[in-house]
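Subject: A structure for you to explore

Hi there,

Here is the structure I promised to hand over.

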Amino acid sequence: MKKCLSLAMVATMMLALTACTDKTETNNGVNDFKISRGTNVSHWLSQSEERGEARRQHIQEDDFALLDSLGFDFVRLPIDEVQFWDEDGNKLPEAWELMTNAIDWAEKHHLRTIVDLHIIRSHYFNAANEEGGNSNTLFTSEEAQQGLINMWYQLSDALKGYSNDSVAYEFMNEPVAEDHEQWNDLVAKVHKALREREPQRTLVVGSNLWQSYETIKYLKVPENDKNIILSFHYYNPMLLTHRGAWWTPVGHYAGKITYPGIMLTQEDYDAAPDELKPDLEPYLTQEWNIDKIRADFADAIAAAKKYDLQLFCGEWGVYEPVERELAYKWTKDMMTVFTENKIAWTTWCYDADFGFWDQQKNAFKDQGLVDLLLADY
């Protein structure tokens, strides 16, 4: 009798131990990849020509220590195909080492990481705006789609040892498909491929047409998978957030703007260069304020509730030349709406032209912005 009782007690203890240590069981198969506020560690392993020692020195452990000390809890880490594979598909080892270094540093300093495959050779979100038109082949080529899956097979091989509670995958940034169903079909295909390798890894899935809040209602999310985070990006009003940006027409407007409120007066519009007027016209009538932001977020919030998934704004921010008073007013409104709806976010970005940190000076270049990002709302 004593022996039977002892075995029963051992079994009970084993079950209790399993329940305490196996998050899969305690959370009904849902990872503990919980995120709140973060930033994009961009223009390093993505959208950068730096190589060799310059690239190695650009981001170091102290950057992650700083983010942790400020109160951020995760980072989004954009990576590009051209830095990780040559044109023949061979891995370029140094970039892989830098990526895993970054994840290790993030873990050491209590930060989760979203690894974001940002630009691939068959798809670039700004290809339509480049000379020669849209050169993307991803949505029309089975070979290109299999190439994307193969990249993720290799990334999974390198990253699968990291805890599901620590590292997530965003398998493509800002898709630009002519038809929403093209993106939905690719989502299903890549999701299936990754789930065969990693059944429980958290996957970040965004909407078509630059991860727009306007298209998230068309996104078909894989069913019965709670380890998905829904993502959208937001830079509206572009006349404010991209003021001075050379790559967009509204960025060339140098006249007066207002926020909150109707951004342009008729007088300022009339004084603008004629070639800019078609892009400026919407700002003559639309009022931009916190309620407009709330209205724009409505479809994304509804989608997250529909699928019972966490919502994440993966990019938002203000270009460096924008007048700080306007930037701060918009940032405060954005933060308020994020907080109201428990939306996780990563600013664009940490240390580049939308960022708050100056790597060269080893100092904040915009303390006011940092204070707004870390304030209580």
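Let's start with T346, which is buried, with a relative accessible area of 0% (buried means under 20% relative accessible area, exposed over 50%, and partly exposed in between, using a 1.4 Å probe and protein chains only). Before going on, please note that this is a predicted model, in which local features need pLDDT of at least 70, side-chain atom pairs count only at pLDDT 80 or more, and totals for chains, interfaces and linings use all residues. Residues are numbered from 1 along each chain as its sequence is written, and side-chain values use heavy atoms, with hydrogens and water left out.

**Around T346**

T346 belongs to strand β10 (helices, H or I with at least four residues, and strands, E with at least two, are DSSP runs numbered from the N terminus). What does the side chain of T346 make a polar contact with? The partner is the side chain of N40, at 3.4 Å (a polar contact is a pair of N or O atoms within 3.5 Å; within protein, one must be able to donate a hydrogen and the other to accept it, and residues adjacent in sequence count only if both atoms are side-chain atoms). A polar atom of the T346 side chain also lies 2.7 Å from the backbone oxygen of G314. Leaving aside neighbours within four places in sequence, T346 is in contact with residues including G38, F74, R76 and W316 (contact means heavy atoms within 4.5 Å).

I343 is found in the loop between α14 (324-341) and β10, and counts as buried at 4% relative accessibility. Beyond its neighbours within four places in sequence, I343 is in contact with F232, F297 and L311, among others.

You will meet F232 again in the largest nonpolar core, which has 108 residues (a nonpolar core is a set of buried Ala, Val, Leu, Ile, Met, Phe, Trp, Tyr and Cys residues joined through side-chain atoms within 4.5 Å). Which residues touch the most other members of this core? They are M99, F232, Y234, F297 and F356. Helix α6 gives the most to this core, with 8 residues. Apart from it lies another core, of 9 residues, among them F33, I35, A168 and V204. As background, nonpolar side chains tend to be buried together in soluble globular proteins.

Helix α15 (residues 367-374) is worth a look too: its buried residues are L369, V370, L372, L373 and L374. These buried residues pack against β1 (37-40), α4 (61-70), α14, β10 and β12 (363-364).

**Aromatic rings**

How many aromatic pairs does a search of the whole structure find? The search finds 26 (rings of Phe, Tyr and Trp, the last by its six-membered ring, pair if their centres lie within 6.5 Å; planes under 30 degrees apart count as stacked, over 60 as edge-to-face and the rest as tilted). One of them joins W85 and W96 edge-to-face, at 5.2 Å centre to centre and with 90 degrees between the planes. W85 lies in the loop between α5 (81-84) and α6 (93-108) while W96 is in helix α6, so the pair ties together parts that are 11 residues apart in sequence. W85 counts as buried at 2% relative accessibility, and W96 counts as buried at 7%.

A tilted pair is formed by W247 and F354, with 6.4 Å centre to centre and 40 degrees between the planes. W247 lies in the loop between α10 (238-241) and β7 (261-262) and F354 in the loop between β10 (344-347) and β11 (357-358), so this pair ties together parts that are 107 residues apart in sequence. W247 is partly exposed at 31%, whereas F354 is buried at 6%.

Most residues other than glycine have a negative phi, and most peptide bonds are trans. With that in mind, look at the peptide bond from Y259 to P260, which is cis with omega near -5 degrees. The bond from W348 to C349 is also cis, with omega near 10 degrees. Q211 is not a glycine, yet has a positive phi of about 60 degrees; Q211 is buried at 0% relative accessibility. N224, also not a glycine, has a positive phi of about 55 degrees, and N224 is exposed at 80%.

Enjoy exploring!
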